[in-house]
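Hi,

Here is the structure I promised to pass on to you. Have a look at it first, and my notes follow below.

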Amino acid sequence: INDFQQLLIGGIIGPSAPAVLWYHIPFVPEYLSHKMREFLIRTFEGFDGVIVSTKRDLEGMLRAGIKGRVKQVYPFIDPQEYRKVSGQEVVKVREKYGIKGDEKIVTVVARMDPMKSQDLAIQAMKYVNGAKLLLVGNGSFTSGALGTGKANVWAKKLQALAEQINVKDKVVFTGYVPDEELYAIYEASDVIVLPSNIEGFGLTVCEGWVYGKPAIVSSGAGISELIIDGGNGFVFKRGDYQDLADKLNTVLKDPDKYSLGKETLRKCSVDSSYDYLKEVFIDVMKDYGKI
């Protein structure tokens, strides 16, 4: 089971059956009040095992004094599910979103939510020439899909920001796109950006790596642990749009130079993660005498 909505289930199930929680939300004790930190640790200890997504979160739980079985497993995708994209499809994407001539494409794939910090990417574009920013995504169940609620409010704020700082012509809001078009956007992109100030992980970076694209991610994103500066992308200081702009200008000079993400992707593939997950569940089942 996954995430904070399920936190109390471990204690409810008790000894009647083994229960493992995959906690994907960032766990940094220093960001939490004492009361919240103690509450989370006690609820984690109600489970037979806890899986966290990054070393950052594992170290955070250890610093907070958790007792019990905790393992770190990177979230994963199945690269085989992402099909190859033709050159014709790339041309179609460029035409649809008004990408002219040799303009580069900077892409952020995320729901419309202040937590995703798309505003940093927009501000960075003021210092990046010869490129357009594609903001891909709309809402979610929590942020209000279909042009309603928080997602719509945030999108309007972003549009106003782009106009205010005179980069409106550099920013494209695609809204929701189906998977087939998303694959073509990844293929057409020159760099994938994950600007969130804090992020559990960031699988969109892995999706970009499927297509050999470099990534520039915030230091607050879990996947920053897998970024090799100058190899598969760069990490920028979270909240610092000028640093993001500097990294973008570096990458956009020669995107192919930073295309080692396909090698890193192995750590986030379903085949790699299967072995780690199997290990967790075998240990838990042994405790219950099921193995």
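A contact below means heavy atoms within 4.5 Å. With that in mind, E89, V90, V93 and K96 of helix α4 meet E181, A184, I185, E187 and A188 of α7. Helices (H or I, at least four residues) and strands (E, at least two) are DSSP runs, numbered from the N terminus.

Some housekeeping: this is a predicted model, in which local features need pLDDT of at least 70 and side-chain atom pairs count only at pLDDT 80 or more, while totals for chains, interfaces and linings use all residues. Residues are numbered from 1 along each chain as its sequence is written, and side-chain values use heavy atoms, with hydrogens and water left out.

Back to the helix pair: α4 (residues 87–96) and α7 pack at an angle of about 90 degrees, their axes 9 Å apart. That makes α4 roughly perpendicular to α7 (the word covers 65 to 115 degrees; under 35 is roughly parallel, over 145 roughly antiparallel and the rest oblique). Axes are lines fitted to C-alpha atoms, for helices over the stretch in contact, and angles run from 0 to 180 degrees between N-to-C directions.

Now the sheet. It is open and has 6 strands in the order β6-β5-β4-β7-β8-β9, with parallel pairing; two strands pair if DSSP finds at least two bridges between them. At the edges are β6 (171–175) and β9 (233–236), each pairing on one side only. Neighbouring strands are turned by 20 degrees against each other on average, direction ignored.

Strands β4 (residues 104–109) and β7 (residues 191–194) run parallel and are joined by 2 bridges, and V106 stands opposite V191 in β7. Helix α7 (residues 179–188) packs on this sheet, where it touches β4, β5 (131–136) and β7, and its direction makes about 135 degrees with that of β4.

Q118 is buried, with a relative accessible area of 1% (buried is under 20%, exposed over 50%, partly exposed in between, using a 1.4 Å probe and protein chains only). Not counting residues up to four places away in sequence, Q118 touches several residues, including V108, D113, W154 and P195.

For the whole protein, there are 11 helices and 9 strands. Buried residues make up 50% of the 291 residues, and the C-alpha trace spans about 65 × 35 × 35 Å along its principal axes.

Best wishes
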